[in-house]
Amino acid sequence: SPPTPDHHIVPDSEPAVPQSNGANQKQQPSYRQRQPGQLPLVSIVDDLRVGGSRAITPQLGSPQSDIPNPFTRFVNIASPRPGTTPRSASAHNLASSNSNNESSPDSNSPSQIPSLDRSFTLIRPRKFQTTHQDVQHSARLQRKQSRSSSRRPTSVVRGSNSDGGYQPWHISPNTHCNGGLKNAVDSAKGRVSRRLWVGTLGSSTDSFGSGMRMSIDKRMRDMCESVPVWIPDGEFESCYDEFCHQASPFVLWPCLHYAVPDAPKTKYFYESASFKQYRSVNQRFADVIVENYHEGDIIWVNDYHLMLLPGLLRSHPKTALAPIGFFLHVAFPSSEIFRCLSVRDALLKGVLGADLVGFQTANYARHFRQTVSRILAYESLPKGIQVEGPGRFVDVGVFPMGIDVHSLREKKRNPEVQYWVQLLRQRYAGMKLIVGRDKLDEIQGVRHKIEAFEHFLKANPEFQGKVVLIQVALQTTESNELAGGVSDVVARINSAFSTLTYQPVVFLHVQEVTFSQYLALLTVADAFMVTSLREGMALRTHEYVECQEERKRALILSEFTGTYSYSGFRSCFAVNPYDTRGTAKAIYQALTMSDEEAASRWQDLHNHVVTQTAQAFVTSFLTRCLRAHTEHASLSIDPSLVPPLDLPRLIPKYRHSTTRLVFVDLEGCLWVRDMSKSAMIEMMRSGKGPMVEPPEATMQVLEKLAGDPKNEIWVLSGLPVKGALERLAERVPSVGIVAENGCFVKTREIGKKSNGQSNGARWINMVANLDFAWKGPCIEILNYFTERTPGSFVEERATSIVWRFWTASSHSHYSDRSWARRQAAEAQNHIFDSLGERYGLRIVPGQNSFLVLPNNISRSTAVGTILHPGGPACSPLGGAGRTTSSTGGRVSSVADPMLVLAIGGDEKLLRRLNELDDAETVSTSRRGTDAKWKLDPREVLGVLETLTQVR
Ligand SMILES: O=P(O)(O)OC[C@H]1O[C@H](O[C@H]2O[C@H](CO)[C@@H](O)[C@H](O)[C@H]2O)[C@H](O)[C@@H](O)[C@@H]1O
C-alpha cells in the first residue's frame, strides 16, 4: 500500500479561486464567471406573513435584534442577471399609489417615511372581512403572528382601511417589521447587489382568491424583492404552533433550548401529525425556491423552522448544484438532548443538504458536529461533516450575529425618542430603572428574573420604593403566560411593595410600547437584564449597550446566552438565572458600582458591539458559503467526467516550452506501492527516517527531468524534512522540495560555485516566526486518545503533529477501525475547540491519520511563494529572521514559465494553478476534481519518463 496519503484536502483561510476550466465547463456554476471580488447578488426571501397588522396588534419591533420571521429567514442570494435591475420605487410611492390610509402609529414622524429598506404591510380592506367568525379568526391568527411580525420586512395584513375608500389592498409602511437580518443584508448592499426574500404571508390566507394572490405575488416581486409562499392556514398553524413551538409535546423550540421532555409528552409526540405539516411547509418553500432559482444564485435558509429545506433543495435536480447556506439563529443543544427528538435523523439530514451550516457560537457548532457524529455516524471534523454516501463535505462554522449600529444610531436621533427620554426622566426622577424585554416563554426566564428582583427588594429594603423593573414582554402562545406563572409573581410583588406613588414591576406587552418608547427606555435605564435559561444570542443587549453611550450603565446577563460566550461581554454582570440569590446579588452590584467601574465595563461591551456587526455577519457567512460550495463542487463532480490525461496533446506543448515549472506530489504519486505499510509505520514510529528513501525509479526519473535545463522540478510532500526527504535532497539536489505540507521549502541547487561548493540551496522554514506553544497541549490530548486506541501513535514533526490512529493489520476487526475513526473525530474536535482558534491551527484529515499544523501554511501557500517573488517571510531552517534564497530573492528561477505542469492530489493547489494561463493540472485523486485531467497514480512515473524523452 502507498505511503500515507498525506492530506490532500488542504482547506485553509485563502478564498476560493474562481476559475474557468474547459474540461469541466458544464459543471461550472455561473457565479465563477462574475468579476473578481464581487459577491453574487442577493435575493432575500423574507418574512412575508400576512397578518400582524399593527392596526390590530401593534408590535414593538426591534429593528436590530429581531430577525425576520422563521419562515422568512431565508435568503436567496443570486448573481445579477441581465435585465433584472430591481425597481427603485420607494415604499412611499408605493403606499401613496395604493392608499392614503396608513395607520402606522409612527407615521407622523418624518423619520418614518417609508422606504424600500423598511417593512411593508399589505392591507386588505375591511370589506373582505365578511363574517364575525372571519374577523375573529383573523384577529387570532394575527395575535399568533405578533410574536414574530415585528421581524417581518414585509407582511400582508387584514387591516382597516380607515378612510372608507375602496382599494383591493394597499401597502403601508410597517416600521415595526424592520428585521435584523433584513437590516443586515440591506446594510451589506455594497457587496450584495440583489436579493429576493422568500417567506409566508402570515395570517389567514385561505380566503384569498386567485386574483388577489396573483396581484399580491406581482406587487411583492416588483416592489419588495419578495416572493410569497402560500400555505394553508391549518398547515401553517400545525407546523409553527405545534411542531416548532409547543412545549407539550416536546418539539423544536424547547428541545433546541435544552428543555428536556418527560416521558408521556415524548410518547405523544411520536404520534403527532405536526411533523408531517412541518415537512409539507418546508416542501412548499422548496417548490417556490426551485421555481425562482437561477443558476448563480446562492440560497440562504434561516433558522429552525426550515431545517428540512436544504435537503429538499439538494435533492431537486434544478437546485442540486446550488450553493446553499443554513444558519441557525437559536441555540443547538448537546447531543444528549437532541437525540430525544423522534425525527432527529430527518432534521439533521435536512440541514446537511447545505454547503455551509452556521451557528451563533462555537459551542452550538460543536454540539451539532457531535450530534451528527453520534446519531448519523458521519465523520465529524472541526471544519465540518463528511457526509457518507454521495461523498459530500458540509462546512460547519461560527458566525455571530450582530446589530446594525449605524441604523440604530439613526433611529436614536428620532425626536420622538428624545421626547420619551425626557418624559421618562421626569416620571421616574430619583428612582433606578431596570429594563428587560423578552419573549414570554419559559425559556427566556422572565419568571426567574422577576423572582430575583423580588429577592433583591427583600434583601435590600433600602431600595424598596427606589427601583422599578420595567419588563416588556412578547406573548408567544395564548396560554404560556399563565403556565409560566409570570402574572402571579408580578401580582405578588406589586401587592407586597407598591405604595400610592410606587409600583415595583411595570409589566408591558410588546404591543403597548412603540419602538421609539423602547429606545427611550434603553437610554434612561440604570441596568438591562436578560435571564434566559438558554438563548441563541440576545441582541437586545447590544441595542442596550449602544443606547447607553451617554450613561454607560450596567448589563446583567445570563451566562446561558450566546452573547455571553463572547469575551467582550464578560464585562457584564453574569448571572445563573436558576440561582435567585446570586441574581439578586448581581442586581445589587450593578446598581451600586462606581461610575468608573461602570464606564470601564461599558467600554468593553461597546467595543464588542461595534465589532460584531450585522454587516460582518452577512458578509462572512456569504463569503464562506460560496467558498465552501466552490470547494465542494469539485468534490461532487463525477470523476468519470474528468478526461484522462491526453499525453499526445501535452507532449507538443511540453516540447515547445522553453521554460517549464513542474510540481509533482511525492507520496501516493511518485512513490506508490514501494514501501510496505509496516515499514512505513516503523519509520514514522521510530523516527528512523534515513533508513528509508524513495524508490530508485523515482530518483532516476527526477534526476533526468531536473537535468533538463528547461525544467524546474518541485517535489511536494507531507513528510518531515528528516528522513526520506533529506535523502532525496542529497541524491537529486537540483530538485526543489516542499516538506511538511508547506512548512519547509528546499530551494534548488543550480550549479556549483567556482570554489566547488554548492550554490547555497537550503531548507527554508516558512513558519519560523509562528508560536508553537500549541504543540505541548496538542500532544497531551493525543496521548489521551492514543491510550484508548490500540496501535495508534503520535508523530511529532518540526512544525506539525500527526496522529496515526489506524495502523492495525488487515485481520483486525472492522469495528476496531470504526472505533479508531470515531476517536480520531473526537480528538480533532477536542484539539480544534481548545487550541484551534487560539493558535490559528487547522487539521487536515487523511485516511488513517490527521495532521495538525498552522492555519496559514499549505502546499498551495508554499507554491505561491515559489511562483511569486517577495512572498511571505522565510527564514533558514533553525535560524531566525528573514532570508532570501540562493536565486537572489525568489525561490524559483523561472520568471515567466511557458508551461506549468502540476500532478497530484491537492485539489486546492490544482484549483489555484488552474488560474494560470499555461497550466496543465492533473489530479491523481479518485474524487471529483477541478483539474483539467485525471491520471491513475500508478501511471505518473511512466508519464514523467515519457517527458524525459521529449526532444
Ligand atoms: O419566535 P420564533 O418564530 O420561534 O423565532 C425565534 C426567535 O428568533 C429570533 O431570535 C433568534 O435570533 C436572534 C438573532 O440571530 C438571536 O439573538 C436570538 O437569541 C434567537 O432566539 C427573534 O429575535 C426572536 O424574537 C424570536 O423569538
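In the protein chain, 77% of the contacts with a separation of 6 or more are made by residues 24 or more positions apart, where contact means heavy atoms within 4.5 Å. This is a predicted model, in which local features need pLDDT of at least 70 and side-chain atom pairs count only at pLDDT 80 or more, while totals for chains, interfaces and linings use all residues. Residues are numbered from 1 along each chain as its sequence is written, and side-chain values use heavy atoms, with hydrogens and water left out.

The secondary structure of the chain comes to 31 helices and 32 strands; helices (H or I, at least four residues) and strands (E, at least two) are DSSP runs, numbered from the N terminus. Of the 951 residues, 61% count as buried, a word that stands for under 20% relative accessible area, with exposed meaning over 50% and partly exposed lying in between (1.4 Å probe, protein chains only).

**A buried helix**

Helix α18 (residues 515-524) is largely enclosed by the rest of the structure, because ten of its ten residues are buried. Among these buried residues are F515, Y518, L522 and V524, and the buried residues of α18 pack against α13 (405-412), α14 (415-427), β14 (432-440), β15 (467-475), β17 (527-530) and α19.

**Helix pairs**

| Helix pair | Angle | Axes |
|---|---|---|
| α19 (residues 540-547) and α21 (residues 595-609) | about 120 degrees | 9 Å apart |
| α15 (residues 446-459) and α20 (residues 580-592) | roughly 65 degrees | within 8 Å |
| α29 (residues 859-867) and α30 (residues 907-914) | about 35 degrees | 9 Å apart |

For α29 and α30, the contact is made by S860, T861, V863, G864 and L867 of α29 together with K908, L909, R912 and L913 of α30. These residues divide into four nonpolar, three polar and two charged, where Ala, Val, Leu, Ile, Met, Phe, Trp, Tyr, Cys and Pro count as nonpolar, Asp, Glu, Lys and Arg as charged, and the others, Gly among them, as polar.

Helix α19 packs against α21 at an angle of about 120 degrees, which makes α19 oblique to α21; angles under 35 degrees count as roughly parallel, over 145 as roughly antiparallel, 65 to 115 as roughly perpendicular and the rest as oblique. In this pair, H542, V545 and E546 of α19 meet W602, L605, H606, H608 and V609 of α21, and by class the contact has four nonpolar, three polar and one charged residues.

Helices α15 and α20 cross at roughly 65 degrees, so that α15 is roughly perpendicular to α20. Here E451, A452, F453, H455 and F456 in α15 meet T580, R581, T583, A584, I587, Y588 and L591 in α20, a contact that has seven nonpolar, three polar and two charged residues.

**Two single residues**

S800 is placed in the loop between β25 (793-796) and β26 (801-804), and S800 is buried, with a relative accessible area of 1%. Leaving aside its neighbours within four places in sequence, S800 is in contact with residues including E740, W774, K775 and L853.

V198 lies in strand β6 (residues 195-200) and counts as buried, at 2% relative accessibility. Although V198 and P228 are 30 residues apart in sequence, they are 5.8 Å apart in space, C-alpha to C-alpha.

Methods: Axes are lines fitted to C-alpha atoms, for helices over the stretch in contact, and angles run from 0 to 180 degrees between N-to-C directions.
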